[in-house]
Each structure stands twice: as structure tokens, then as C-alpha cells.
Amino acid sequence: MIRTKELHIQMQDHLINEMERADEGYTSILDTIINLRKEREFHEQMIKDIKAFEDAKKDEIQTEAEQYQNEYKGAKFEFRSGGKTLDYSGIPEVSEKEKELKEIKEKYKMAFENSQKGLLVISEDGEELPLPKPKYRKGSMIVKLPKE
């Protein structure tokens, strides 16, 4: 556990150092982002590997944890069954209604887009259509690293 804490502190120090060097102008912000993204990819892959290991060993972990009343070296283990979802794709009525909903949404999307162009948006009956309210997501940055 102590080695883990020491490693975590070293990794945090490295991260802070990388960012400070960019902030102070010692390294290019782009070089810093590339380096940090590479490290991020590495750690994300490690997390995937850990999850795969846990999934493969779940039964073994559960069996051994139960021998310790699901508490071992201060760690508490809980095991829950997976959730249930229903697949409606084989039900024609549901498929029809989903298609109908998609068409309705498309109609109002077009009405919104037309209103943005300054056009009047009315129904076939001459009534003004209500418009959907836009919601905006946070902007993002995409960095594609070269293959090594």
C-alpha cells in the first residue's frame, strides 16, 4: 500500500511538473498536450485491463471474499447481479411508434432550422409550430496522436 501511495505521489508530481513547465513557457503547450494524452491513453488502457481481469475473475473473487465475510484488509466487497433491460426491437407496434416519433422529431427539427433562417414555420393548417429548445454541449478538443 505504501508503494502505491508513493507511486501515486510521483505520478501526481510528474503531471503537475508537466503542466507547470508549459505554464511557465519552458515547453510548448502542444508538446505538453501530446505527452499528457499519451499518458492518458496508457492509463485508460490499464483501467480496461484491470476491469477485464476483474470480470474474468469475478466468481473467484466473490468466493474468496465470502470466506472473509466480504471484508478483507479494510476493503469491503459487494456483489450485485446485473440489471435487466428489455429489447423491444421484435415488436412491430413499438417499431412503428419509434419510426413515427422519429418523423415527428425530424419535422420539428426542420421547423427550428427554418426559423433560424428567418423563415415562418407553420403547419399545414396554417398554425405556427412550437419549436424545440436547443441545448448546447460543452465544446471539446480532439487530439489524434501519431502511431508509434
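Reader: Hi! Where does Gln 69 lie?
Author: Gln 69 sits in the loop between helix H3 (58-67) and strand S1 (71-72). Keep in mind that this is a predicted model.

Reader: Thanks! And is Gln 69 buried or exposed there?
Author: Gln 69 is exposed, with a relative accessibility of 65%.

Reader: What about its backbone, what is phi of Gln 69?
Author: Phi is near 55° for Gln 69, a positive value in a residue that is not glycine. Lys 73 also deserves a look here: its phi is positive, about 50°, and Lys 73 is not a glycine.

Reader: Okay, where do I find Lys 73?
Author: Look in the loop between S1 and strand S2 (75-76). Lys 73 is exposed, and its relative accessible area is 75%.

Reader: Switching topic: how many aromatic pairs does the structure hold?
Author: There are two aromatic pairs. One of them joins Phe 77 and Phe 79, whose rings are stacked, 6.5 Å centre to centre with 10° between the planes.

Reader: Why call that pair stacked?
Author: Because planes under 30 degrees apart count as stacked, and the planes of Phe 77 and Phe 79 are 10° apart.

Reader: Nice. How accessible are Phe 77 and Phe 79?
Author: Phe 77 is partly exposed at 30% relative accessible area. Phe 79 is partly exposed too, with 27% relative accessibility.

Reader: Now the helices! Which helix holds Arg 37?
Author: Arg 37 belongs to helix H2 (residues 29-56). Arg 37 is buried, yet it has no salt bridge.

Reader: Then what does Arg 37 touch?
Author: Leaving out residues up to four places away in sequence, Arg 37 touches Met 141, Val 143 and Leu 145.

Reader: What volume does the largest pocket have?
Author: Its volume is about 230 Å³. The elements giving two or more residues to the lining are helix H1 (2-23) and H2.

Reader: Which one gives the most?
Author: H2 does, with six residues. The lining residues include His 8, Met 11, Leu 36, Arg 40 and His 43.

Reader: Last one: how far apart are Glu 20 and Thr 32?
Author: They are 12 residues apart in sequence and 9.9 Å apart in space, C-alpha to C-alpha. Glu 20 lies in helix H1 and is partly exposed, at 41% relative accessibility.

Technical notes: Residues numbered from 1 in each chain as written. Predicted model: local features only at pLDDT ≥ 70, side-chain atom pairs only at ≥ 80, totals over all residues. Heavy atoms only, no water. Phe/Tyr/Trp six-rings, centres within 6.5 Å; stacked < 30°, edge-to-face > 60°. Buried < 20%, exposed > 50% of the residue type's maximum accessible area, 1.4 Å probe, protein only. Helix = DSSP H or I, 4+ residues; strand = E, 2+ residues; numbered from the N terminus. Lys, Arg positive; Asp, Glu negative; His and termini not counted. Salt bridge = Lys/Arg side-chain N within 4 Å of Asp/Glu carboxyl O. Contact = heavy atoms within 4.5 Å. 1 Å grid on protein atoms, 1.4 Å probe; cavity = no way out; pocket = protein on both sides within 12 Å on 5 of 7 lines; lining within 4 Å. Points joined across faces, edges and corners; volume = space filled by probe spheres on them.
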